[in-house]
Amino acid sequence: MVTHGLGKGQVMKLEDWIILADGAQITEEFIPLPESDEEPESDEEPLANGTKLRWTLDENNYRVAIQINKGLLQVKSVIDGGGECHDDGCGCRPCADTRMVPPFPWSRRPLKQTLFADQKAWKASLPGGGTVTVTELQARPSEKKIPVELSDVEKIKALTKSYKVKTYSCQSVSPLERMIAYEGSVNNYRSILASITLDDDISNPRHRHVYTKQLMLTMPLYLKQKAEVQALGDQASVKPIKVVPSGKNNIYATINQQEHVVSFYDNKITLSTDMRFPNAGMLYDNFAQMGNPQFHVVYRRRKIPITL
Ligand SMILES: [Zn+2]
């Protein structure tokens, strides 16, 4: 990504900074955390990606940095009205690319970019005086309006589509079906073992061993499943709904301070029981049944509160 810099007094749009930061090839040196025995400043929390920091001394002296995955990237430094650019004679790729762009020769080289470990490291590099302003990256809820007239399940479906959520819910195998499958395997191994003759043993002694081992492994699984089916009674044939997490975008509901992944199955809202064990899903008809939880979406690594 090449920037030709801006004229004096011009302000680049936040969106452009974001594009700039995301596609940035970091060729400048990395400034590590300053070594110090001082206690870490507790008031400086990690910045969300896309957050813009601007240090301003006056209109001719300012710096702009933007938080990216790797750290805090200073994308512009203006001293006495002039942007800090790559040095004359620099042979880096952006400089080489700029060379091809008319008017030739270039009036400005690409702006110098410097990656800092964090906000503290960046602040330590600033000259004295001036003020620092922080601009949080704002979610753009206007892009993805969920119509209020929709039913609760339809709202979740709409969110899933709007925020490109890939997590889904599906029906899983019932405990009874699982038990029948194990039972089938056990019977199969038994009949194979029963059919092995003495002649078979002599010609292929491993044969009996292999199936005995399979039977030994499957038998406890079958017995455990059988006990579960007996304990469940009529409920043993109910196919549970499982939530299958997929992709990075997700809808979350916070209930009793715990986050659950939200999706839908058929005409019901599904909720993972636990973030770590999302397979066991719970089914709800509407938000009231869920206890009217707080919703948020994680979309492109940003947490966006959702009011439904
Ligand atoms: Zn260069």
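Author: Seven helices and 15 strands make up the chain's secondary structure. Keep in mind that this is a predicted model. Buried residues come to 21% of the 308 in the chain, and of the contacts with a separation of 6 or more, 66% join residues 24 or more positions apart.

Now to your core. The largest nonpolar core has 16 residues, and Ile156, Ile251, Tyr252, Ala253, Val262, Ile269 and Leu271 have the most contacts inside it. At least two core residues come from each of these elements: helix α4 (152–162) and strands β10 (250–255), β11 (258–265), β12 (268–272) and β14 (294–299). Take Ala253 as your way in: leaving out residues up to four places away in sequence, Ala253 touches His260, Val262, Leu271, Met290, Pro293 and Phe295. There's another core too, lying apart from that one, with 12 residues that include Leu53, Val64, Ile68 and Trp122.

Helix α5 (residues 175–195) has the highest confidence, with a mean of 96, while helix α1 (residues 14–22) has the lowest, at 56. Residues 1–5 stay under 50, though the model gives them 16 contacts beyond four places in sequence. Residues 38–42 are also below 50, and that stretch has one contact beyond near neighbours in sequence.

Conventions
Residues are numbered from 1 along each chain as its sequence is written. This is a predicted model: local features need pLDDT of at least 70, side-chain atom pairs count only at pLDDT 80 or more; totals for chains, interfaces and linings use all residues. Helices (H or I, at least four residues) and strands (E, at least two) are DSSP runs, numbered from the N terminus. A residue is buried if 20 or more other C-beta atoms lie within 10 Å of its own, exposed if 12 or fewer, and partly exposed in between; C-beta atoms are placed from the backbone. Two residues are in contact if their C-beta atoms, placed from the backbone, lie within 7 Å. pLDDT is the predictor's confidence in each residue, from 0 to 100. A nonpolar core is a set of buried Ala, Val, Leu, Ile, Met, Phe, Trp, Tyr and Cys residues joined through C-beta atoms within 7 Å.
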